[in-house]
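Student: Could we go through this structure together, slowly?
Tutor: Gladly; here it is.

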Amino acid sequence: MGLVKQKTARNTMDWEYFEVFAREEPDGPLFHLGSVSAPNKPAAVGQARMVYSEKPWVEMCICPRAEVTPVISVNDMIGIA
Amino acid sequence: MAATDKALMQELLCIADTDWVLGHWYIKVMLNGRSLPDCTAFAGMGQDSLGHTRAIFRLLEDRLDLPEHQLEFGRQPDALHDLEALSRPPQNWGDFLMTAFLTECAVWRLFSTFLGGSDQALSGMVKHFGKELYFHRLGLEGWMLAASDEERADMKASLAERGAEIARWFGEDDGEDTLLAAGIRASSVADARAGFLDDAVSVITQATDLSEDAVLEHLPTSLPEGWDAVKRKSPGATVPATLWEFMIPTDPDTVALRRPLAVSVDDNLDLVDRAEYSHADYA
């Protein structure tokens, strides 16, 4: 049993990135845990829950990186350029 | 053993044994993930499934006064109540996705019949496991929706080949259910089956070009000759030998590694001061 040899090549560079956030206490801060890359939102939600399961979070959410609006950015001179 | 205890044991073994085998499927296919989070997700799903299995085993061993770890280490493959569709290894990525998804749906729907039942400990376990199993189904659904044309064809072939084996896991609704009558089960197996069909149709019609009727055609209720209603499978269907060796290894070194922690901690092995290391002076 094993499927590695039959794996279909996929261009994972096209996948969307999702940022993952979670809260440890109901009145605690929302931490940025990291990110996952997935072909769609259901897969990203499944991945986020499985990958970032190190603590019993009371809340977890994901956000497409493309939907994040920069306020201060290392890449752009916002307000000047 | 009381009739309800026996019925509960048989039913929970169907769920736990299926999750046990499925958990090892996940571990085996883990490296087929397309990215590190993807591989990690499969590892997490395998860990969840094995954790659920062992929790159910402990519950049964406590209730039935069985020796600790007997259900995991004291049985042979022919004593397992696992879902027979898992008795053949997946042939490709599409086959894996379809089989794992349908199995996850079936396990959850059958297990959820105990949610809100009179057995509070079991009902709480269902609630807790349900929160985790939802993400298994969601992750697999995401992959199914992202399938390539070739993988989509493989999923359809898999549904045609294994769909009936998974759908008939719920058995025939003959009206006699000891657990439902005793209140341990809050909803019937027929309800669970209906929920399973809803789940399957909802995702498969989106992930493939199959119509609702075409999907349902591959998920019939008919039972084969000699159907074992207790183990919910056909006679002779059993875990493949190679997978069983992976689940319960007989190789001495692997056996030593895989023993329960409660046993292995007694060894007091010293892994640092071993004879093969020379104490050279590096100064």
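**Helix packing in chain B**

Tutor: Helix H1 (residues 3-29) of chain B packs with helix H4 (residues 93-111) of chain B at an angle of about 150°, and their axes lie 11 Å apart. Axes are lines fitted to C-alpha atoms, for helices over the stretch in contact, and angles run from 0 to 180 degrees between N-to-C directions; helices are DSSP runs (H or I, at least four residues), numbered from the N terminus. This is a predicted model, in which local features need pLDDT of at least 70 and side-chain atom pairs count only at pLDDT 80 or more, while totals for chains, interfaces and linings use all residues. Residues are numbered from 1 along each chain as its sequence is written, and chains are lettered from A and ligands numbered from 1 in the order in which they are written.

Student: So how do H1(B) and H4(B) run relative to each other, roughly parallel or roughly antiparallel?

Tutor: H1(B) and H4(B) are therefore roughly antiparallel, a label for angles over 145 degrees.

Student: And which residues of H1(B) and H4(B) make the contact?

Tutor: Among them are B:Ile15, B:Leu22 and B:Trp25 of H1(B), and B:Phe96 and B:Val107 of H4(B), where contact means C-beta atoms, placed from the backbone, within 7 Å.

Student: New topic: how many helices and strands does chain B have?

Tutor: Chain B has twelve helices and zero strands (a strand is a DSSP run of E, at least two residues).

Student: What does chain B span along its principal axes?

Tutor: The C-alpha trace of chain B spans about 75 × 50 × 35 Å.

Student: And how many residues does each chain give to the contact between A and B?

Tutor: Chain A gives 23 residues and chain B gives 30, and H1(A) gives the most to the chain A side, with eight residues.

Conventions. Two residues are in contact if their C-beta atoms, placed from the backbone, lie within 7 Å. Angles under 35 degrees count as roughly parallel, over 145 as roughly antiparallel, 65 to 115 as roughly perpendicular and the rest as oblique.
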